[in-house]
Amino acid sequence: MSSAETAKVLLDALPYIQRFQGKTIVIKYGGNAMVDEALKESFARDIVLLKYTGMNPVIVHGGGPQIGTMLGKLGIESRFVRGMRVTDAATMEVVEMVLAGKVNKSIVNLINQHGGRAVGLSGKDGNLIKVRKLGGSGKRAPEPAESEDLGMVGEVAAIDADVIETLDRSGYIPVIAPIGTDGSGATYNINADLVAAHVAAALGAEKLILLTDVAGILGGDKVIHPTVDSAKAKHFIEEGIIAGGMIPKVECCLEALAGGVAKTHIIDGRVEHALLLEIFTSQGVGTQVVSDAATDESR
C-alpha cells in the first residue's frame, strides 16, 4: 500500500472515530475468533485500538468448547438441551473454573500484551449480574426443557453496571465471564449472548456486536443482508429463514434494541480485524440489526 493509500484509509476512518468517541461498544467474543491464534491476536489489537481512539469497549466472552474439553478430561459427561448445557453442581464448578479462570485471564493477558489495560470480571464481582434460575419464578423455559431441570442454568434478572462504569472511567477494558448469582448466593451459568445484550442495555451502549462463525443474516435468497430492521428480523424467524443457532443471536439483538441500545451487529469473527471493518467502514463484515432500517442504513 502506498503512502497516499494509507493516508486515505486513515482519513476514511476519521468520521467513525469522531462519531463513536466516548461511546460504549459491547462485544460478545466467541466462536472461532477465540480459538484460532491469528484471530485471537487480531481481536486483541482491535480492542486496544478502539480504546485508544476514545471508545469504551466492554467484552463478554463465551467458552463452551473449553468447558467441554475440561469436562472430558475430568470424565464428566456433557449434555445439552436446545443448545444449553445441563449444569449440575460438579459441572458448575468446572464452568466457573474455566470461564472466570482460564478463559477470562487468557483474554485479559492477550489484550494487556498488546498495550491495553484489561481487567477480568465475573458476574459475581460487584454484584454485576443477578440471576434467576432458567424456567423459575414464572419466567420462560425452553420448550423441550419444561419437564427437565437444566440445573444451574440461569437467565439475567438484573445488571448492576457500577463496576463496569468505574473501570471505563479509569481507562480499563472490562472482560466479563458470563456467570452470576441468585438471591441466595448460588452460582449459575448464563448464555453469553444474553449477558452481552443485558450489559449493553444497562450501559446504554452505542453498539452490541456479536462475533460469530457465520457471515451474517442470510435472506430467503441466501444473500447476506447488510441491514435488517427489527420487523424484518421477526418475519425471518417466523418464516424459518432465520433458524437454528441464529435465532437466539437475533433475539439477543432485538432484546438489546428494546433496551435502548442504538445498534446491534452480527459479524463474521472468522475475518481478521472484523471489529475494525464493522465499526470503521461503511460496508462492514456482517449484518446490523436495527430498530428502523428505513432511517439509517449506515454503519
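A nonpolar core is a set of buried Ala, Val, Leu, Ile, Met, Phe, Trp, Tyr and Cys residues joined through side-chain atoms within 4.5 Å. With that in hand, welcome to a few close-ups of this predicted model.

**View 1. The largest nonpolar core of the model has 41 residues.** Ile27 and Ile111 are the members that touch the most others in this core. Two or more residues each come from helices H1 (3-20), H2 (37-52), H3 (64-73), H4 (89-113) and H9 (274-280), and from strands E1 (24-29), E8 (173-177) and E11 (207-212). H4 supplies the largest share, with ten residues.

**View 2. Here we meet Ile27 and its contacts.** Setting aside neighbours within four places in sequence, Ile27 is in contact with Phe43, Ile47, Leu50, Pro57, Val58, Ile59, Val60, Ile209, Leu211 and Leu275. Elsewhere, a second, separate core of 39 residues includes Ala161, Leu167, Ile217 and Leu257.

**View 3. Eight strands form an open sheet with mixed pairing.** Reading across, the order is E5-E8-E2-E1-E11-E13-E14-E12. Strands E5 (118-122) and E12 (227-229) stand at the edges with a single partner strand each, so one side of each has no neighbour in the sheet. On average, neighbouring strands of this sheet are turned by 20 degrees against each other, direction ignored.

**View 4. Strands E11 and E13 (residues 263-268) pair in the parallel sense.** Six bridges join this pair. Look for Leu211, which stands opposite Ile267 in E13.

**View 5. Helix H7 (residues 230-238) lies across strands E12 and E14 (286-290).** H7 runs at about 85 degrees to E12.

How values were computed: Residues are numbered from 1 along each chain as its sequence is written. This is a predicted model: local features need pLDDT of at least 70, side-chain atom pairs count only at pLDDT 80 or more; totals for chains, interfaces and linings use all residues. Side-chain values use heavy atoms; hydrogens and water are left out. Buried means under 20% relative accessible area, exposed over 50%, partly exposed in between (1.4 Å probe, protein chains only). Helices (H or I, at least four residues) and strands (E, at least two) are DSSP runs, numbered from the N terminus. Contact means heavy atoms within 4.5 Å. Two strands pair if DSSP finds at least two bridges between them. Axes are lines fitted to C-alpha atoms, for helices over the stretch in contact, and angles run from 0 to 180 degrees between N-to-C directions.
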